[in-house]
Amino acid sequence: MKKILFLSAATLFLSSPAFAGDYLTNTNQHAAFLRMVARGASIDIDGVYSNPAGLSFLPHEGFYLSLTGQSAYQTREINATFPLFQQADGVGTNRQYKGTASAPLIPSFQGLYKKDKWVISASFAITGGGGKASFSNGLPMFDALAMGMISQQTGGKVTPQMYDINTAMDGKQYIYGVQLGLSYKINDWLSVFAGGRMDYVSSGYEGYLKAHLKENLGGTQLANLELNCDQSGWGLTPILGIDAKLGRWNLAAKYEFKTNLNIENKTNVLEVPAGTPEAIMKPYADGEQTPSDIPAFLSVAAGYEILPNLRASVEYHFFDDKHAGMLNDRQKTLKHGTHEYLAGLEWDITKRLTVSGGYQRTNYGLSDEFQTDTSFYCDSYSLGFGARVNLTQAWSIDVAYFWTHYDKYTKEVASYNGTGLSGTDVYYRTNKVFGLSLNYKF
């Protein structure tokens with residue numbers, strides 16, 4: 001039981017707040033994405049990320065610059081059912097746990113210079129993670145494990161109503177990306193792109209669980225576990241793109257290769273029950289490295305000009321998650337990689353005002369083995385809408401709101417967190433993002 005307690009606690013290292021895109025990939029790097037969603041065929045400044053090959057078809061030579069700020073807020077909820085909860089609360093076998101993940105400011109910068117058939121482009125963004133997740137009242141896996149361990153160790157003589165459990169979990173993760181590349185227009189209708197991105201991961205995780213007898217019974221400590229760890233690592237992502245402009249149609253594709261990435265621990269505190277085997281402790285010891293690959297990513301998109309002032313786009317994303325290394329080969333438990341389907345519409349009401357809206361559906365290929373209390377995901381659909389305001393010929397702003405509805409995921413197990421008793425977790429999330437981009441060309 002002690003071994004299981006530590007192993008489950010250590011999965012905290014997998015916590016990652018993501019807001020749009022895959023497990024370790026943020027696709028929301030400009031407010032134009034938030035307001036229209038399907039931007040893979042874009043010929044605009046946001047194409048530095050979404051369609052770099054299309055930059056060669058920009059109408060004017062010179063510099064294009066954009067600065068974006070986003071605010072993202074997410075909740076994570078776990079509705080847990082476990083028999084020993086009733087002994088503790090005297091109410092029922094069900095408990096509700098809620099965590100929050102927030103990123104008040106997600107900055108990004110995109111810039112390019114176009115000369116004749118060539119475009120050089122660069123960007124800086126938080127390409128994955130970008131916030132802090134906190135469960136101030138702990139997690140069901142910790143409460144259940146502590147209850148089960150204490151019951152087993154004392155032969156049931158010490159029951160939940162005789163002790164208190166204090167636990168809290170915090171995790172933050174940022175993946176910073178710096179991208180550089182070249183686009184070249186081969187002829188009047190075809191353009192290509194080649195470039196790369198350097199990704200740097202910075203994570204920090206803190207968690208503790210302390211169980212002790214109630215004061216009137218002596219206050220003796222029954223269980224103690226504490227983790228405080230920082231992690232960092234870096235990797236390189238090669239990127240290729242192609243764009244074909246055929247009359248009213250614009251067809252585009254981008255492929256980001258898998259980023260081989262290991263993160264190294266700087267462990268400040270690692271306190272576990274006595275007797276925990278070294279084989280279990282080693283992956284979380286100071287200086288140890290664990291895989292955290294960013295998966296290969298394919299984007300294919302088509303844009304169509306319905307009228308001179310009305311445009312529509314559709315897009316498909318595939319993230320090859322099953323071939324991107326995770327801790328303990330967790331990726332192998334997925335049913336398939338992530339599929340995303342996107343669509344968007346953009347309407348120029350006047351020369352100064354453009355409004356737009358879009359839709360995204362995300363299917364992760366989840367399994368019970370993949371889902372944990374500290375790192376769970378839910379299939380979803382998202383809606384985005386907003387506007388671009390052309391202030392002058394050189395200046396414009398994009399404003400947008402992006403909202404996600406998540407499907408609930410139910411996980412039923414015969415041995416709940418290794419306790420030998422059956423239990424159920426129902427996972428759910430909420431998400432909303434606000435964005436503002438300031439664009440300039442000269």
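1. Starting with Lys 245: this residue is partly exposed, its relative accessible area being 34% (buried means under 20%, exposed over 50%, partly exposed in between, with a 1.4 Å probe and protein chains only). Lys 245 sits in strand β8 (residues 221–246); strands here are DSSP runs of E with at least two residues, helices are runs of H or I with at least four, and both are numbered from the N terminus. Its C-alpha is 6.4 Å from that of Leu 190, although 55 residues separate Lys 245 and Leu 190 in sequence.

2. A word on what we're looking at: this is a predicted model, where local features need pLDDT of at least 70, side-chain atom pairs count only at pLDDT 80 or more, and totals for chains, interfaces and linings use all residues. Residues are numbered from 1 along each chain as its sequence is written, and side-chain values use heavy atoms, with hydrogens and water left out.

3. On to the salt bridges (a side-chain nitrogen of Lys or Arg within 4 Å of a carboxyl oxygen of Asp or Glu). The structure has 17 of them.

4. Another salt bridge joins Arg 311 to Asp 348, the closest N and O atoms being 2.9 Å apart. Here the pair links distant parts of the chain, with Arg 311 in strand β13 (residues 310–319) and Asp 348 in strand β14, 37 residues apart. Arg 311 is partly exposed, with a relative accessible area of 24%. Through shared partners, salt bridges join Arg 35, Arg 39, Asp 44, Asp 46, Arg 311, Glu 346, Asp 348, Arg 388 and Asp 398 into one network.

5. What does the side chain of Arg 95 make a polar contact with? The partner is the side chain of Asp 143, at 3.0 Å (a polar contact is a pair of N or O atoms within 3.5 Å; within protein, one must be able to donate a hydrogen and the other to accept it, and residues adjacent in sequence count only if both atoms are side-chain atoms). Arg 95 is in strand β4 (residues 94–115) and counts as buried, at 17% relative accessibility.

6. Now the inside. The largest nonpolar core has 36 residues, of which Tyr 23, Ile 78, Leu 139, Leu 366 and Phe 370 touch the most other members (such a core is a set of buried Ala, Val, Leu, Ile, Met, Phe, Trp, Tyr and Cys residues joined through side-chain atoms within 4.5 Å). At least two residues of this core come from each of β3, α4 (84–89), α5 (140–153), β6, β7 (190–213) and β19 (423–441). The biggest contribution is from α5, with 7 residues. Apart from this core lies another, of 14 residues, including Ala 20, Ala 103, Ala 400 and Val 433.

7. There is also a nonpolar patch on the surface, formed by Phe 63, Tyr 113, Trp 118, Ile 120, Leu 180, Leu 182 and Phe 442, with about 690 Å² of accessible area together. Patches take residues with over 30% relative accessible area and no salt bridge, joining like charges within 9 Å and nonpolar side chains (Val, Leu, Ile, Met, Phe, Trp, Tyr) within 5 Å; accessible areas come from the Shrake-Rupley method with a 1.4 Å probe, and for residues only the protein chains shown count as cover. β5 (118–135) and β6 (163–185) are the elements that give two or more residues to the patch. Phe 63, in strand β3 (residues 62–81), is partly exposed at 37%.

8. Two backbone spots to check. Val 37 has a positive phi, near 75°, in a residue other than glycine; Val 37 lies in the loop between α2 and α3 and is buried at 0% relative accessibility. Asn 328 has a positive phi as well, near 60°, but Asn 328 is exposed, at 58%, in the loop between β13 and β14.
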